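Okay, thanks for having me, everyone.

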6 protein chains.
Amino acid sequence: MRPSGRALDQLRTVSIETGVSLHAEGSCLIRIGNTHVLCTASIEDKPPPFLRNSGMGWVTAEYGMLPRSTHTRSRREAASGKQSGRTQEIQRLIGRSLRAVVDRQALGERQITVDCDVIQADGGTRCAAITGGWVALRIAMNRLMAKGLVTGDPLLDHVAAVSCGIYAGQPVLDLDYDEDSAAGTDGNFVITGKGKLVEIQASAEGAPFSTEDLATLMGLGLQGTAALIAAQKEAIG
Amino acid sequence: MRPSGRALDQLRTVSIETGVSLHAEGSCLIRIGNTHVLCTASIEDKPPPFLRNSGMGWVTAEYGMLPRSTHTRSRREAASGKQSGRTQEIQRLIGRSLRAVVDRQALGERQITVDCDVIQADGGTRCAAITGGWVALRIAMNRLMAKGLVTGDPLLDHVAAVSCGIYAGQPVLDLDYDEDSAAGTDGNFVITGKGKLVEIQASAEGAPFSTEDLATLMGLGLQGTAALIAAQKEAIG
Amino acid sequence: MRPSGRALDQLRTVSIETGVSLHAEGSCLIRIGNTHVLCTASIEDKPPPFLRNSGMGWVTAEYGMLPRSTHTRSRREAASGKQSGRTQEIQRLIGRSLRAVVDRQALGERQITVDCDVIQADGGTRCAAITGGWVALRIAMNRLMAKGLVTGDPLLDHVAAVSCGIYAGQPVLDLDYDEDSAAGTDGNFVITGKGKLVEIQASAEGAPFSTEDLATLMGLGLQGTAALIAAQKEAIG
Amino acid sequence: MRPSGRALDQLRTVSIETGVSLHAEGSCLIRIGNTHVLCTASIEDKPPPFLRNSGMGWVTAEYGMLPRSTHTRSRREAASGKQSGRTQEIQRLIGRSLRAVVDRQALGERQITVDCDVIQADGGTRCAAITGGWVALRIAMNRLMAKGLVTGDPLLDHVAAVSCGIYAGQPVLDLDYDEDSAAGTDGNFVITGKGKLVEIQASAEGAPFSTEDLATLMGLGLQGTAALIAAQKEAIG
Amino acid sequence: MRPSGRALDQLRTVSIETGVSLHAEGSCLIRIGNTHVLCTASIEDKPPPFLRNSGMGWVTAEYGMLPRSTHTRSRREAASGKQSGRTQEIQRLIGRSLRAVVDRQALGERQITVDCDVIQADGGTRCAAITGGWVALRIAMNRLMAKGLVTGDPLLDHVAAVSCGIYAGQPVLDLDYDEDSAAGTDGNFVITGKGKLVEIQASAEGAPFSTEDLATLMGLGLQGTAALIAAQKEAIG
Amino acid sequence: MRPSGRALDQLRTVSIETGVSLHAEGSCLIRIGNTHVLCTASIEDKPPPFLRNSGMGWVTAEYGMLPRSTHTRSRREAASGKQSGRTQEIQRLIGRSLRAVVDRQALGERQITVDCDVIQADGGTRCAAITGGWVALRIAMNRLMAKGLVTGDPLLDHVAAVSCGIYAGQPVLDLDYDEDSAAGTDGNFVITGKGKLVEIQASAEGAPFSTEDLATLMGLGLQGTAALIAAQKEAIG
């Protein structure tokens, strides 16, 4: 029934390649089917201004799409002079999701910026960015720990994200572009390694949905993020 | 236990005053406790460019806060030269929420812009904007119908929104600013007159939350929006 | 002869409601007929950079129109990314007018920002903003004095403003929108409680005017601002 | 008493050199003492969008200062990414002043842009721009007439401008920078060849002023613009 | 002598992988040592506005660096709201270089945009972008030809680019970052398959250089681009 | 053969008038035929932020064209909100060219900004700006030396620039607008008083060119800059 022939609760093929950047303190290229996102974590030794002398650090995220990561070329945001509302919404979500599993006291007065750049898009880019962004952040945190710059691990748990939605009347896991553009309801589930919720966003694209629908999608989301967290574990060895 | 002394499932006092604008095709001033939002609906007789010759219309929303609607003065977005990511995220949410109950075919090739301007803020401004924005839109739609410009009612149902969260370990309905800034989990529930879900956003501000927490908040959200929809009905007579 | 039926030298109904903002140090909603402007004064405990260590303070103003305060919806300046030339011209005028009656030495190293937001427009918004802005400023100054933060009153006199023009060949006081858009000559008169001039701007919209015309308009301006200053006195009790 | 040794009612030396631009349809370099402004008029054969198919034309103005036209270097507006409020206010004034003597019906559906660029500043740049801008416009209009592109003269009268103010307690004509920065009251008088008023702006920089002061400054303004108009006549031969 | 141990006239390892984008009409990932640039060519079926009804097409280029492609993280241009002067200079160079070998008449009224995004930077990114951009363009042109949309080949020749400079007193080919940041003279040579020059830019970073130095660098440039063109040929098979 | 009737290796008439600005520390108006550029040098007593406490100074340049310096009016960059890529490219070139002959240690911790504003354009504006900018800089340096603010001369040599190109198949010196817009190859040669190269940019506008062509143009460039440097010497006396 799905355009890709996947089972309703089947993720696309997941691959997370680490160490893809010569310069970044942490990096990975995450591929969820044809959605490819390059994630890098960059450590700065000072916190943002609002945290100076607070003893605490910050983790933030930026998101971008290469102009031809999409079916038809999108305008380059640097050329149009501003980031779209969608871009800002997504990068705020990534930042919140990652900070939810960071002990900012343990991190100390430094800032880590996680850049998530979509090299190729086929639906689910924000979820891939969260899942891959966590891996880049994990590697950067490991480096801080290996250098003895932090005492204790500032990263408290895994976090991963997946989209679920109602496509052709059926609840499906991990929507690709064809499904996403036709889905009646679409949600993003950001979930920790302990199966706790960090952020849930579900939206009726067509007809409003029921609380039962939400519960079903939530179940798929828990299943999907568990598999993604297993992939994270494998990637960081 | 709540700073305001309200019961856990108690809304703030709700007041919706209609016809507050001399010029707008629909308008109201919604007051949810100390949160006051002026909502106006403006009809344009042509659709946005991407809908020309489609036979369909569009409903969009814009959101703003007056600089001193907040505890300390915020910078005026017109002066800073751009809308913040938060503003864009909120106005996108308002627009999606209202469009979920609009029959865009019945509306025909016109655009209605719902402006939601926060005169005074005390938490929950985006939810008040959706609830009040619906009233302004309803009045504008009534005007189109009264003039015979549309056949059938392009507005299919009510929609209202309320925030719920976990404050001091307890699930509470309709957070005010004091609660909002201290809440562990915070969610916005956008729900129709038939009790269907249009959009759910729940986010862990502190520790991640459980699916049981989400279910509890959902229950409060259904209760709160039902009361708000009753207030909408009373307002439009 | 006037569209509103007013006498040539008759002001519209004036109402100034104070204390309309929960948060601002001074506030009022001024209504000059159908022109409604919300004015708030916000005190900051440090001066702008160019006055650091000068012993002197600053009063500045910002002006905005809600998108649907006008007959047809105007574009939101925050969305268009800049304030129009008209907006900047008006807020510079409001700031100069208020500073003309402020003893900046007595104010000390702090800044007061007066925000004037047009809720509904029917001509004369800049004049209403000056007249109402003074009331908000007066209340904020009273608060500084009550707290013993200033010695002596930093506000030296009243200031109020009114527009006068030549409409249908006749000099008229306090133009509303219908008159303003058809007036041959249009002027704004900013005048103190002692009847001294702070700023005069008169402009030929159609044919150039004579010095006699200007003198006539000046007389109306003095009469109108005297009445507005009486209303200010009543408002602040 | 004046820093320059001039009499109270004495203009600076005025020189208007025409034909200074190889490309522009009309041009002059106006020198009022040490204030030098290059004015060019550029004709476009189509009107601005809001006048299409109206049968009428438009005259608009732009104003700029070279970065080192001032005592200390000012930031280049093109580099800072926007025109200041002052720049916009001035170019709006120039445009209004010139349009006051243009028969836009006779001009027909075309637009003339008058660029006024300050090469060197010593006070009174906006007045010099109006006076010189008129000369550039006159020459461009002559060209339209010589080519038979308009029937009748679209330029109805001269217009010129001068600043007058109260310096060291005395009313003075044509303030230079030293006087301007110390003046208690400062006004700009835009006046036609027939001695009619196009625009009056007078502002208290220090203490508010009286209606008698304004009348005195007005007299100086009439005298000064009459002399400037004589210089315009001489320049265009 | 070179930090990398390369001979003075030795290129870094070159790899050009084609078909790396699911969506673009032409694409490659070019790697010149540690400099990696993703190049995509996107065809639009209409020309830019200035070429409408001219019978001719256009090729343009855009360039960007991912924020952490560099040693320390650079600010994202989309977030800072504008492209730097360096970025604009580079993308103008890429566009000119590619257009030099395009028959715009044969291309017909369409536009091809070549996006060059630096995934990882180690010197020479603009040259890699030209060399790889040509490959993406070649593939897109092949697609137009295969579909019969053009008659004849609109791409007249190869074009490739390499940097050469004087490092530690010696002329060297293909500077990496360590060499580039210390070079006394640095030049970029854009050369066709026939060994003709498209663009030469040579600049003294330290002491001015002689015409003999330029001739030596030119020789290296011819040698280097010949090798790069061989790599292009191999890549496109 | 040339539209102007000049010999192939003939410069246009060169005139450099110094001391044209009342305020700038150094200034000249350079005229190369009908290309007129006003150059001013402004000294600031502190360096840019990146050189604080380095003991070194900086020389930078800005470039602009008056809107009607060109055949048809160009849009004012201050109004369009940004400098074009062309403008930025040119001002970066001017800055690099001037810095190549500055001893930044001898200059000490100060910054000199050279503004080059094109009053009238007829081709070769960037070269005129470099040649004239050097004169303004020389005069400003002389002032620093005369005041004893620097020990030794921070300006090590002359620098001048000229364009050469292939027009109608012939190599020509100092292209004017008519030649420039039709030239097959166009280059800018920035050369010191000792005949050393600071920057070479040569670009094929039509067909690619040969190394022999480049050598010929280089010879013209050396000849032309030698003549321009003679004019610089005469101008500064």
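Let's start with the annotation. An unreviewed UniProt entry lists "domain: Exoribonuclease phosphorolytic" for residues 10-140 and 159-223 of chain A; UniProt positions are in the numbering used here, feature names are shortened, and annotations may be inferred rather than shown by experiment. Before going on, the ground rules: this is a predicted model, where local features need pLDDT of at least 70, side-chain atom pairs count only at pLDDT 80 or more, and totals for chains, interfaces and linings use all residues. Residues are numbered from 1 along each chain as its sequence is written, chains are lettered from A and ligands numbered from 1 in the order written, and side-chain values use heavy atoms, with hydrogens and water left out.

Back to those two spans. Residues 10-140 of chain A are 30% helix and 31% strand, with the end C-alpha atoms 31 Å apart. Residues 159-223 of chain A come out at 26% helix and 45% strand, and there the end C-alpha atoms lie 13 Å apart. Helices (H or I, at least four residues) and strands (E, at least two) are DSSP runs, numbered from the N terminus.

Now, how do the chains sit relative to each other? Chain A superposes on chain E with a rotation of 180° and 0.0 Å of shift along the axis, at RMSD 0.0 Å. The two copies are thus related as by a two-fold rotation axis. Contact here means heavy atoms within 4.5 Å. Chains A and D, on the other hand, do not touch, with their nearest C-alpha atoms 12 Å apart.

Is A:Gln83 buried or exposed? Buried, at 10% relative accessibility; the cut-offs are under 20% relative accessible area for buried, over 50% for exposed, partly exposed in between, with a 1.4 Å probe and protein chains only. Beyond its neighbours within four places in sequence, A:Gln83 has contacts that include A:Tyr63, E:Arg76, E:Ala78 and E:Ala79.

Over in chain D, helix H2 (residues 85-99) is mostly covered, with 11 of its 15 residues buried. Among them are D:Gly85, D:Ile90, D:Leu93 and D:Leu98.

Most residues other than glycine have a negative phi. B:Ala168 isn't a glycine, yet has a positive phi of about 50°; B:Ala168 sits in the loop between strand E6 (159-167) and strand E7 (170-173) of chain B, and is exposed at 58%. E:Asn53 has a positive phi as well, near 65°, and E:Asn53 is exposed at 75%.

How values were computed. Least-squares fit on C-alpha atoms with pLDDT ≥ 70 in both.
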